[in-house]
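Work through the exercises below with the sequence and the structure open beside you. Each task is followed by a solution that goes step by step.

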Amino acid sequence: MSWPIYRLTVRALLLQRRTVALLLLTLGPVLMALVFALAASATSDDRHFYSRLVQELFVPIVTALIALIVGVSAIGDEREDGTILYLAATPLPRLGIVISKIAAAWTVCLVVLVPSLLLSGLLAVGADAPLGLFGWPLLGVVLAALAYCSVAAWLSVQVQRPIVVGVVYILLWEGSIATWAASADRLSIAAYGRALVAERLPEASAAVVSPGVAAVVLLGSAAVAALLGARAMSRAELP
């Protein structure tokens with residue numbers, strides 16, 4: 001991993017105007033949690049609401065879209081500007097470059113996502129809730145974001161329109177096919193993120209695997225995507 005590439009990429013991603021739009025996207029769950037908190041009665045099931053909010057909105061839509069856009073931008077912007085040629089001409093290993101880009105994209109995603117997730121939980125459940133009630137959803141979002149960023153980085157090198165491919169995967173596969181076909185969940189990043197959330201908030205849906213397996217799959221997916229991205233960068237015609 002190259003720390004200069006990491007730092008420069010984080011700075012570039014945070015200073016982009018699209019980051020403001022991504023921050024606005026994270027306000028959706030916060031506003032929904034705020035409305036729920038204001039309208040909640042003594043009999044309201046706040047755990048059930050928060051579980052549905054995280055498992056059905058935050059992980060498969062908010063996290064997926066933000067990680068896709070940021071992950072693609074980490075390398076895709078370099079391709080558009082032509083600066084990817086300078087990176088490719090350095091003696092740095094391709095894998096080190098890709099890992100640096102993924103780490104930078106992941107960092108920016110966490111900066112954008114984590115405050116929204118925690119604030120939504122505090123509004124919906126309350127500050128006196130057990131720490132684990134927020135910890136498992138946080139772990140699910142963190143690892144899902146890493147997997148999405150890694151896949152997005154690979155797509156940005158492999159295909160010409162990575163955003164389109166990523167959106168099709170998120171909406172068509174994860175949002176439709178994997179929702180109705182139980183076996184298709186095995187190829188869904190969101191399903192493994194939800195499995196970690198369901199360890200502490202099982203009200204919304206049943207987990208496809210145990211939390212340990214889900215964490216291993218998400219980390220493994222990120223590692224495989226990084227390797228594929230490095231291989232694609234070595235073979236692709238840049239930019």
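This is a predicted model: local features need pLDDT of at least 70, side-chain atom pairs count only at pLDDT 80 or more; totals for chains, interfaces and linings use all residues.

**Exercise 1. The fold as a whole**

Solution. Residues are numbered from 1 along each chain as its sequence is written, and side-chain values use heavy atoms, with hydrogens and water left out. Of the 239 residues of the chain, 48% count as buried, where buried means under 20% relative accessible area, exposed means over 50%, and partly exposed lies in between, with a 1.4 Å probe and protein chains only. Among contacts (heavy atoms within 4.5 Å) between residues at least 6 apart in sequence, 78% join residues at least 24 apart.

**Exercise 2. Helix 2 against helix 5**

Determine how helix 2 and helix 5 are oriented to each other, and which residues meet.

Solution. Helix 2 covers residues 17–39 and helix 5 covers residues 94–125, and the two pack at an angle of about 10° with their axes 8 Å apart; here axes are lines fitted to C-alpha atoms, for helices over the stretch in contact, and angles run from 0 to 180 degrees between N-to-C directions. Angles under 35 degrees count as roughly parallel, over 145 as roughly antiparallel, 65 to 115 as roughly perpendicular and the rest as oblique, and helix 2 and helix 5 are therefore roughly parallel. On the helix 2 side the meeting residues include Leu22, Thr26, Val30 and Phe36, and on the helix 5 side they include Val112, Ser116 and Leu123. By class, this contact has 13 nonpolar, four polar and no charged residues, with Ala, Val, Leu, Ile, Met, Phe, Trp, Tyr, Cys and Pro counted as nonpolar, Asp, Glu, Lys and Arg as charged, and the others, Gly among them, as polar.

**Exercise 3. Helix 8 and the second largest pocket**

Is helix 8 largely enclosed or open, and which elements line the second largest pocket?

Solution. Nine of the nine residues of helix 8 are buried, so helix 8 is largely enclosed by the rest of the structure; Ile189, Tyr192 and Arg194 are among the buried residues. A pocket is an open set of points on a 1 Å grid over the protein atoms alone, with protein on both sides within 12 Å along at least five of seven lines, and lining residues have an atom within 4 Å of a point. The second largest pocket holds about 360 Å³ of space, a volume being the space filled by probe spheres set on the points, which are joined across faces, edges and corners. Of its 21 lining residues, the closest to the centre are Val151, Trp154, Tyr169, Ile189 and Ser221. The elements giving two or more residues to this lining are helix 6 (132–158), helix 7 (162–180), helix 8 (189–197) and helix 9 (211–235), and the largest share, six residues, comes from helix 9. The lining divides into 17 nonpolar, three polar and one charged residues.

Notes
Helices (H or I, at least four residues) and strands (E, at least two) are DSSP runs, numbered from the N terminus. On a 1 Å grid over the protein atoms alone, a cavity is a set of points where a 1.4 Å probe fits but cannot get out, and a pocket is an open set with protein on both sides within 12 Å along at least five of seven lines; lining residues have an atom within 4 Å of a point.
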